[in-house]
Amino acid sequence: MKISVVTATFNSEKFIQRCIASVHSQSFGCEHIIVDGASSDATNHIVKKYLRPQDKHVIEPDRGIYDAFNKGISLASGDVIAILNSDDRFAHPSVLATIASYFDDDVDLVYGGTQYETKSGALGAVLMPDRYNGRGSFSRGWHPPHPSFYARKHCYQKAGEFRLDLPVAADFELMLRFFENFEFGSKLLPEVVVFMDPGGYSSTWSNRVRGFQDIKRAFQVNNCKPGSFYFLKRYSKKLLKRILL
């Protein structure tokens, strides 16, 4: 099995070296595909400094982070796609080895836990999903954290990539589609596999409003309906996690 790690960057000079170092530290070999949206800072200088022969580096304008992810997926030669944001890092050097061991003939998706990590390095709230409980789970409020979601490349080829018309919640929609509509076999990895920066595009309240609209649309395009009080539960949980950081 081969794993491709896809990272999207844009003016990521502060954290990209840490992200790359966490990939290079993995005991399980992988390729790292870094897709940069034409950064104006030192991001690409840093990337080129640490690029390995098996890695790929693309620099060109894009239509946002999900467009960059799609470009990386199309370039991936691995059997499994891991997406690691430029300001995130793997929790320990055996993450990819553990993930690889969870894939078998009946498993196309593996998902685990994510833990918030502040810019000062302090660890905060853990996002640990329960085991997927079949169709309707997303409507009941279940979904794994996207930074610790791993899928075989053929899932993207069969079910499609990230939708660019959902600029805040394309990751949610893709996971909903993979789990609920295509019913790919999945397995829970019950440990934290990624330390995640609590910031990001969807962390501002203006983008949370757009995210609300995008999630409604995600349910609609997949012929699903959110359960009673879905959005109240979802955003109250997010507020609580922010308070606990």
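Mentor: Let's start with a term: a salt bridge is a side-chain nitrogen of Lys or Arg within 4 Å of a carboxyl oxygen of Asp or Glu. Keep in mind that this is a predicted model.

Trainee: What can side chains of opposite charge do when their charged atoms come close?

Mentor: They can pair. Here, arginine 210 and aspartate 214 make a salt bridge, with their closest N and O atoms 2.8 Å apart.

Trainee: Where do arginine 210 and aspartate 214 lie?

Mentor: Both are in helix H7 (residues 205–221), four residues apart, which is about one turn of the helix. Arginine 210 has 33% relative accessibility, so it counts as partly exposed. Aspartate 214 has a relative accessible area of 3%, so that one is buried.

Trainee: How many salt bridges does the count come to?

Mentor: Eleven by this rule. One of them links the side chains of aspartate 108 and arginine 152, at 3.2 Å from N to O. Aspartate 108 sits in the loop between helix H4 (95–102) and strand E6 (109–117), while arginine 152 is in strand E8 (residues 149–152), so the pair ties together parts that are 44 residues apart in sequence.

Trainee: Are aspartate 108 and arginine 152 buried or exposed?

Mentor: Both are buried. Now look at aspartate 165 and arginine 163: they form a salt bridge too, and their closest N and O atoms are 2.7 Å apart. Aspartate 165 counts as partly exposed, at 41% relative accessibility, and arginine 163 also counts as partly exposed, at 26%.

Definitions and conventions:
Residues are numbered from 1 along each chain as its sequence is written. This is a predicted model: local features need pLDDT of at least 70, side-chain atom pairs count only at pLDDT 80 or more; totals for chains, interfaces and linings use all residues. Side-chain values use heavy atoms; hydrogens and water are left out. Helices (H or I, at least four residues) and strands (E, at least two) are DSSP runs, numbered from the N terminus. Buried means under 20% relative accessible area, exposed over 50%, partly exposed in between (1.4 Å probe, protein chains only).
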